[in-house]
Amino acid sequence: MKFTAHGHSDVGFLRETNEDSFLVREDKGVFAVADGVGGLPYGSLASLLAVQFFDSLTNNVYDGIDPTRLCSTIERIHKNIIKCGSIVGGQNGIGTTFSGVVFLDNKVLYGHVGDSYILKYEKESGQLTQLSKEHTLAAELIAKHGPDAAVDMPEHYHHTLTRCLGQDIDFEVDSGDFDVTCGDKIIISSDGLLNMVEMDDISEVCSSMSPKSLVHELVDLANQNGGVDNTTVVCIEIE
């Protein structure tokens, strides 16, 4: 499978530091975005460890990898970050979201934990689809009780994670695979993008721009709309 890719990260206008990290390895077909968990120390370290471990543990993309084995890799990354966090983060440790994809010859695998995003844009239909689920308190309450649960819901529920890498809690990694065709695009981003830019606006950009132009346009849009968080975007276009 042939593709082109680009990634970019920006601190935004209100944060003093950038706690996002991303991975673009076109040579291996491996891509990821991680976002350090707010309220915990060393968020930038946690996210950097996540993408670096993902890079090293997928050094040779091999035949036979599937969502189950990808989950095992991400669970190993989780345990590694716990160990590192116990050294630098003390009793509270460190934490990060993680969204990663692996391109094979005939499909794309993904693994996801937290509230970063994996989106797929289909060129033929012009449809933009969110593949990842948000692991937040708000999303889980809405899934359990329906849309009415969102009425009068405290704002911080939308930012309270129920799953992340690095905290010593049990959870499942969301994973799966999907097909792509020529002209389709995959976007991986931190929540700084979707909190600032509507899906319709992202879809419009997808229809007309190359990965490099698209990534910088989306980061600029997030900043123009307030830039209240770090924004990181990776885009892969299938050729």
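The side chain of T232 makes a polar contact of 2.8 Å with the side chain of D20. A second polar contact, of 2.6 Å, joins the side chains of T232 and S9. A polar contact here is a pair of N or O atoms within 3.5 Å; within protein, one atom must be able to donate a hydrogen and the other to accept it, and residues adjacent in sequence count only if both atoms are side-chain atoms. T232 belongs to strand β10, residues 231-238, and it is buried, with a relative accessible area of 0%.

The model is a predicted one, in which local features need pLDDT of at least 70 and side-chain atom pairs count only at pLDDT 80 or more, while totals for chains, interfaces and linings use all residues. Residues are numbered from 1 along each chain as its sequence is written, and side-chain values use heavy atoms, with hydrogens and water left out.

Buried means under 20% relative accessible area, exposed means over 50%, and partly exposed lies in between (1.4 Å probe, protein chains only). Helices (H or I, at least four residues) and strands (E, at least two) are DSSP runs, numbered from the N terminus.

**Salt bridges**

Side chains of opposite charge can pair when their charged atoms come close. A salt bridge is counted when a side-chain nitrogen of Lys or Arg is within 4 Å of a carboxyl oxygen of Asp or Glu.

| Pair | N to O distance |
|---|---|
| K28 and D55 | 2.6 Å |
| R163 and D174 | 3.2 Å |
| E122 and K120 | 3.7 Å |

K28 and D55 form a salt bridge of 2.6 Å. K28 lies in the loop between β2 (20-25) and β3 (30-35) and D55 in helix α1 (residues 43-57), so this pair ties together parts that are 27 residues apart in sequence. K28 and D55 are both buried.

R163 and D174 meet at 3.2 Å. Their pairing links distant parts of the chain, with R163 in the loop between α3 (137-145) and β8 (174-178) and D174 in strand β8, 11 residues apart. Both R163 and D174 are buried. Elsewhere, salt bridges that share partners join R25, D27, K28 and D55 into one network.

In the remaining pair of the table, E122 is partly exposed at 28% relative accessibility, whereas K120 is buried at 11%.

**A pair apart in sequence**

L119 is placed in strand β6, residues 117-122, and is buried with a relative accessible area of 0%. L119 and C235 are 116 residues apart in sequence, and their C-alpha atoms are 9.4 Å apart in space.

**Surface patches**

Patches are made of residues with over 30% relative accessible area and no salt bridge; like charges are joined within 9 Å and nonpolar side chains (Val, Leu, Ile, Met, Phe, Trp, Tyr) within 5 Å.

Which residues form a negative surface patch? The patch consists of E198, D200, D201 and E204. One of these, D201, is found in helix α5, residues 199-206, and is partly exposed, with a relative accessible area of 35%.

A nonpolar surface patch is formed by F13, L14 and V228, which together have about 320 Å² of accessible area. L14 sits in the loop between β1 (3-10) and β2, and counts as exposed at 59% relative accessibility.

How values were computed. Accessible areas come from the Shrake-Rupley method with a 1.4 Å probe; for residues, only the protein chains shown count as cover. Lys and Arg count as positive and Asp and Glu as negative; His and the chain ends are not counted. The place of a charge is taken as NZ of Lys, CZ of Arg, CG of Asp or CD of Glu.
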